[in-house]
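Try each task with the structure open, then read through the solution.

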Number of protein chains: 4
Amino acid sequence: MIRVGIVGATGYAGGELVRILMGHKEVEIKWYGSRSYIDKEYAAVYQNMFQIVDDICKDDNLKEMAKLVDVIFTATPQGFLAGLLDEEILSQVKVIDLSADFRIKDVATYEKWYGIEHKAPQFIEEAVYGLCEINREKIKEARLIANPGCYPTCSFLSIYPLAKAGVIDMSTVIIDAKSGTSGAGRGAKVNNLYCEVNENIKAYGVASHRHTPEIEEQLGYASGEEVVLNFTPHLVPMNRGILITAYATLKKKADGTSYNKEEIRAFYEEAYKDERFVRFLPEGSCPETKWVEGSNYVDVNVVVDERTNRVIMMGAMDNLVKGAAGQAVQNMNIMCGLPEDTGLQLVPMFP
Amino acid sequence: MIRVGIVGATGYAGGELVRILMGHKEVEIKWYGSRSYIDKEYAAVYQNMFQIVDDICKDDNLKEMAKLVDVIFTATPQGFLAGLLDEEILSQVKVIDLSADFRIKDVATYEKWYGIEHKAPQFIEEAVYGLCEINREKIKEARLIANPGCYPTCSFLSIYPLAKAGVIDMSTVIIDAKSGTSGAGRGAKVNNLYCEVNENIKAYGVASHRHTPEIEEQLGYASGEEVVLNFTPHLVPMNRGILITAYATLKKKADGTSYNKEEIRAFYEEAYKDERFVRFLPEGSCPETKWVEGSNYVDVNVVVDERTNRVIMMGAMDNLVKGAAGQAVQNMNIMCGLPEDTGLQLVPMFP
Amino acid sequence: MIRVGIVGATGYAGGELVRILMGHKEVEIKWYGSRSYIDKEYAAVYQNMFQIVDDICKDDNLKEMAKLVDVIFTATPQGFLAGLLDEEILSQVKVIDLSADFRIKDVATYEKWYGIEHKAPQFIEEAVYGLCEINREKIKEARLIANPGCYPTCSFLSIYPLAKAGVIDMSTVIIDAKSGTSGAGRGAKVNNLYCEVNENIKAYGVASHRHTPEIEEQLGYASGEEVVLNFTPHLVPMNRGILITAYATLKKKADGTSYNKEEIRAFYEEAYKDERFVRFLPEGSCPETKWVEGSNYVDVNVVVDERTNRVIMMGAMDNLVKGAAGQAVQNMNIMCGLPEDTGLQLVPMFP
Amino acid sequence: MIRVGIVGATGYAGGELVRILMGHKEVEIKWYGSRSYIDKEYAAVYQNMFQIVDDICKDDNLKEMAKLVDVIFTATPQGFLAGLLDEEILSQVKVIDLSADFRIKDVATYEKWYGIEHKAPQFIEEAVYGLCEINREKIKEARLIANPGCYPTCSFLSIYPLAKAGVIDMSTVIIDAKSGTSGAGRGAKVNNLYCEVNENIKAYGVASHRHTPEIEEQLGYASGEEVVLNFTPHLVPMNRGILITAYATLKKKADGTSYNKEEIRAFYEEAYKDERFVRFLPEGSCPETKWVEGSNYVDVNVVVDERTNRVIMMGAMDNLVKGAAGQAVQNMNIMCGLPEDTGLQLVPMFP
């Protein structure tokens with residue numbers, strides 16, 4: 001049995017971790033950390049867990065937790081983990097961080113986009129970016145995982161095959177993203193009230209969203225060149241789901257001709273043919289968030305527009321599963337030598 | 001392995017059966033019946049099943065199916081199963097019928113409320129009403145299960161403890177029910193279009209809904225008296241979920257005094273203390289459909305109003321799970337001697 | 001021109017007042033009161049008003065406002081107006097209070113259900129309960145209007161014709177109410193976040209909601225007897241709309257026979273035949289909140305259930321219009337001698 | 001009084017026309033055309049119109065209608081008007097066509113994208129594209145108006161100031177559009193059922209949507225060059241609203257330097273400073289569909305991203321108002337010499 005502690009267990013991502021781990025046969029949750037609800041029954045905060053979870057919420061004492069568990073998940077605000085992490089903790093437990101603290105290798109970039117000082121830069125180099133499909137081998141050996149952001153996961157996996165193949169002009173990449181409201185967290189803010197979100201759609205963080213450098217960094221590794229792109233997130237009136245619609249101009253082939261649809265599709269097939277959680281859809285089928293809800297799948301597809309010589313790359317994902325808790329569990333499975341889909345054989349729920 | 005055939009596999013209840021059975025380790029689906037989509041890939045109809053279900057849809061040949069499988073689920077319109085069922089089929093397979101054909105013992109009542117002739121009345125007596133919490137022993141021996149309606153399941157379980165205890169005046173029972181839209185099925189009707197349902201609520205079938213006699217019959221068995229009640233369903237802008245708010249006047253105790261809150265709660269505690277799927281909530285907590293979504297739970301609670309001497313009995317349930325496919329699987333488990341919650345350890349999804 | 005001041009102009013009801021008054025040709029808003037947004041542009045709080053309202057928000061100084069305007073609307077929390085009102089103000093302006101402060105004639109009842117001390121009981125007797133269809137004549141002469149609550153307005157108008165006719169047993173009245181989320185106000189609370197409300201329905205305030213005594217008092221006047229009833233509100237995932245489903249047992253006629261459908265419908269027809277804003281629907285048609293959205297209409301209908309000898313009375317209304325701001329304007333029109341529907345000729349918006 | 005006939009009065013756009021015209025003091029609707037509901041009361045189809053509209057639905061006889069009315073609105077499927085229009089009709093009445101039949105000047109382009117033969121190409125040249133803000137003068141003299149599509153209206157007005165100013169590279173324009181579900185019409189299709197749309201988002205018509213050539217043609221006129229672009233619509237779980245997020249690369253100025261934010265904003269300010277229905281929002285404020293719901297406004301804004309040298313141009317609009325019925329009324333007003341906002345002083349409804 002893997003003993004697990006969760007810091008931030010009463011946020012939406014933390015709650016989803018609990019939901020998933022309840023169905024994971026190799027895991028026992030030993031610590032439900034929630035600064036806001038200390039000593040309150042977890043099932044009183046998340047009533048879906050009534051008669052399923054009997055524990056009470058505890059504080060966020062990483063040091064003490066590290067002695068009791070094998071894996072710590074931190075589903076916390078930016079800066080939390082960086083402010084507390086030290087070698088002693090890392091020598092005792094594996095840490096999977098769902099915040100952005102260790103996702104970006106360049107400290108200056110992190111500090112610029114997040115507007116806070118990084119308190120533990122010494123661990124950035126060691127941290128492995130936990131995009132399982134890409135960094136599987138490194139994750140096996142890691143002590144510290146930077147679990148990817150929701151937008152970056154879906155954006156990256158939608159674009160990756162063509163970035164890696166070198167067939168798109170990376171300077172033309174534009175990512176138009178749409179997210180359900182759980183991505184905004186469980187904080188009580190007027191902007192996230194039902195009446196403000198329902199029957200409404202808007203862009204936000206235009207040209208300034210903090211997931212931008214994370215996407216650029218990862219696509220940079222994939223393409224082998226520095227990437228600067230546009231990323232525009234939108235808030236959609238639904239609970240769960242992220243949809244990515246990404247655009248890029250196709251390069252010409254060496255012989256001066258254009259890539260055709262079959263060639264483009266072949267890059268996706270090759271990239272994902274052995275992946276358990278990335279489903280490359282049949283031609284003509286557009287990803288829909290509802291088809292992956294509650295599961296760890298990312299559905300992707302691509303359309304070649306000969307009129308404009310662009311590709312439209314699409315991806316759909318449940319932001320709380322593959323975009324947060326599911327990928328965190330996938331990382332844990334890899335780190336612990338378990339089959340990668342243990343506890344993650346979640347069938348999408350429709351309708 | 002239990003081999004299973006599903007008739008009506010592409011309706012919402014049929015789709016939910018597939019979702020649940022994909023996680024049931026003892027079951028193999030051998031036949032996806034769907035008259036509308038014969039020869040089409042099942043995963044092309046329900047894209048959530050892409051790379052999970054590889055089969056194609058077949059027709060509704062019960063006779064042929066009966067030779068290939070151990071259990072048949074019929075998620076079909078009223079009258080379908082009654083029009084085809086015969087002794088030959090029943091001698092070969094267990095049949096779990098999600099329609100209303102065998103729920104009501106009195107043929108005249110069925111024909112009056114449903115407006116169709118019953119074509120197989122000879123099996124009504126044998127059929128077991130598959131409300132697992134009540135008829136568990138009979139279900140073990142049954143060949144034919146009448147899987148309860150969604151509204152009746154939630155209504156009955158909300159009221160049952162007090163009906164059985166004989167502490168409410170059954171002539172005062174009023175059930176005000178609210179359902180998500182998946183209960184209306186997947187047929188293309190203007191009334192169920194997004195724009196007609198969204199941002200709207202209405203009653204329908206007032207004093208005439210066909211689940212009324214089913215509820216009355218079952219509450220009649222529980223209370224030992226004939227029951228005539230009001231049942232008013234409402235359509236709510238959400239996909240899943242049924243909420244029951246039921247009212248009844250309390251009888252006086254033998255000594256002329258009133259039942260107090262503790263006594264009333266004790267009836268619920270007693271009735272459900274060993275039940276895996278009925279959660280009697282703590283005092284002061286109202287059932288919410290979101291807390292049971294995707295799971296086989298029914299959450300119930302009761303409030304005693306001393307001002308009016310009435311009880312307000314509440315229940316929340318996922319109409320597609322405990323209200324349809326989940327209960328059908330629960331019935332199958334009981335019939336096949338499996339632990340009752342096999343494949344049903346679904347943790348409610350929130351948010 | 002009627003000069004108007006609004007206290008609480010940035011709540012949902014206050015915002016709706018502004019929306020309606022922008023289309024009222026006889027009104028000029030002179031004061032946008034909002035303690036939370038003093039000195040901020042009103043259109044920066046409610047961006048729908050960009051280029052429509054140019055004013056900035058001011059504080060809540062009733063005394064100063066009373067010198068500048070003819071009518072003050074207070075869309076404020078309970079206790080606010082009672083804490084500030086005095087004879088000097090009332091001698092200068094008409095006051096229409098959208099809070100509960102002056103709705104209930106019995107101070108003890110108010111203080112018990114609202115849990116606060118009433119600071120201005122001397123004005124309770126004078127205050128006119130602003131249910132226009134009932135108290136039209138008194139409203140004409142009033143200085144102080146207690147604008148009815150949203151639930152009470154819809155509940156009362158759904159039941160009134162039969163209560164007044166004396167044909168229902170008032171001790172059997174049960175009101176099951178469903179409301180959109182704007183009724184919960186614009187305060188930042190976790191319970192009202194999009195992800196908590198969406199895809200969910202629940203009862204709340206069971207047997208304890210503060211609109212109960214208000215409904216009982218008004219139905220008491222209509223029926224000429226003391227009324228004690230059950231009122232259960234539910235939160236529905238939609239922005240606007242209240243739906244009432246009310247139940248009562250029919251009395252027998254003097255000759256011992258039962259009232260039939262035609263007789264029952266005649267009471268409604270008689271009660272509402274001259275009413276501009278109450279629409280008694282054709283037989284067989286159930287009120288739906290979407291059909292009145294954005295308008296000042298209340299749609300009502302009634303079903304007679306011979307099986308149970310009960311009537312099911314239904315009403316649908318926009319909680320922010322007829323349930324708050326619209327009725328407040330209707331009251332202002334009556335007080336100021338304008339045609340009752342001035343500025344209220346709003347056509348419901350569908351879809 | 002302007003006498004009006006509506007063909008297709010029971011579709012969503014037709015219903016919205018009725019709603020708007022009910023508040024238009026200079027208009028009388030003489031003909032509610034609806035092939036599907038002939039002889040049925042209009043208010044029985046759209047119950048919001050109960051006691052507001054007393055007429056019954058009639059057939060689609062354009063010839064007869066032309067004798068009785070001054071203006072005909074056709075809110076009909078593609079091909080309907082082109083199949084019936086002739087000189088006799090046009091000599092009697094003004095026609096405002098909400099379909100695409102006369103929007104595209106090149107017949108071959110129309111026939112290619114719409115897949116049907118154009119039956120009345122002789123009127124294409126005469127037809128005026130009814131984008132009021134651009135073609136106001138021509139509309140005054142027109143007999144036949146091609147009322148713009150919903151996506152083209154919002155796309156065009158979002159991009160127009162920069163296209164006209166010649167400061168963006170038109171070959172880089174990408175339009176990512178999001179629409180509420182009323183845009184899909186009132187036809188009974190499984191894809192538009194509540195349960196299929198709710199809690200879901202998807203792209204559709206990728207690289208093939210029929211509004212593409214309409215947008216390209218109009219932006220071509222504005223920029224003075226042929227335009228080929230990407231347009232990707234998405235279906236959003238809401239009733240009303242279109243949001244446009246458009247991207248383009250900025251050209252350099254003559255002196256080789258880049259345009260700054262102030263210069264870019266000045267183009268918008270100049271273009272829309274006198275427009276009643278286009279609101280150029282303050283810097284930093286993103287358009288939201290909820291802020292324009294029910295009104296004829298288009299809210300637009302622009303962000304300059306110095307990192308990528310691109311502009312992100314955004315627009316929000318109610319697809320049934322400015323995107324269909326509202327713009328049609330605006331066109332009628334201009335054609336009939338009325339103030340352009342007659343009957344269109346609709347204040348957006350929030351929430």
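**Exercise 1.** Find the domains of chain A and describe how they are placed.

*Solution.* Start with the bounds: in this predicted model, chain A splits into domain 1 (2-126) and domain 2 (151-318). Next, take the C-alpha centres of the two domains, which are 27 Å apart. Then list the residues in contact, counting heavy atoms within 4.5 Å: domain 1 of chain A supplies 14 residues and domain 2 of chain A supplies 16.

**Exercise 2.** Work out how much area is buried between domain 1 and domain 2 of chain A, and which residues of domain 1 lose the most.

*Solution.* The size of an interface is often expressed as the accessible area lost when the parts come together. For domain 1 and domain 2 of chain A, the buried area is about 1,300 Å², with carbon and sulfur atoms giving 52% of it. Now look at the domain 1 side: A:Tyr12, A:Arg103 and A:Trp113 lose the most area to domain 2, together 49% of what that side buries.

**Exercise 3.** Describe the polar links across this interface, then the make-up of the domain 1 side.

*Solution.* First, the rule finds two salt bridges between the domains. A:Arg103 pairs with A:Glu214 in a salt bridge whose closest N and O atoms are 3.2 Å apart. Second, five residue pairs across the interface are in polar contact. Third, helix H1 (12-22) and helix H6 (107-114) of chain A are the elements that each give two or more residues to the domain 1 side. Finally, sort the residues of that side: seven are nonpolar, three polar and four charged.

Conventions. Residues numbered from 1 in each chain as written. Chains lettered and ligands numbered in written order. Predicted model: local features only at pLDDT ≥ 70, side-chain atom pairs only at ≥ 80, totals over all residues. Heavy atoms only, no water. Domains from an automatic or database assignment. Buried area = accessible area lost by both parts, 1.4 Å probe. Salt bridge = Lys/Arg side-chain N within 4 Å of Asp/Glu carboxyl O. Polar contact = N/O pair within 3.5 Å; in protein donor to acceptor, adjacent residues only side chain to side chain. Helix = DSSP H or I, 4+ residues; strand = E, 2+ residues; numbered from the N terminus. Nonpolar A, V, L, I, M, F, W, Y, C, P; charged D, E, K, R; others polar.
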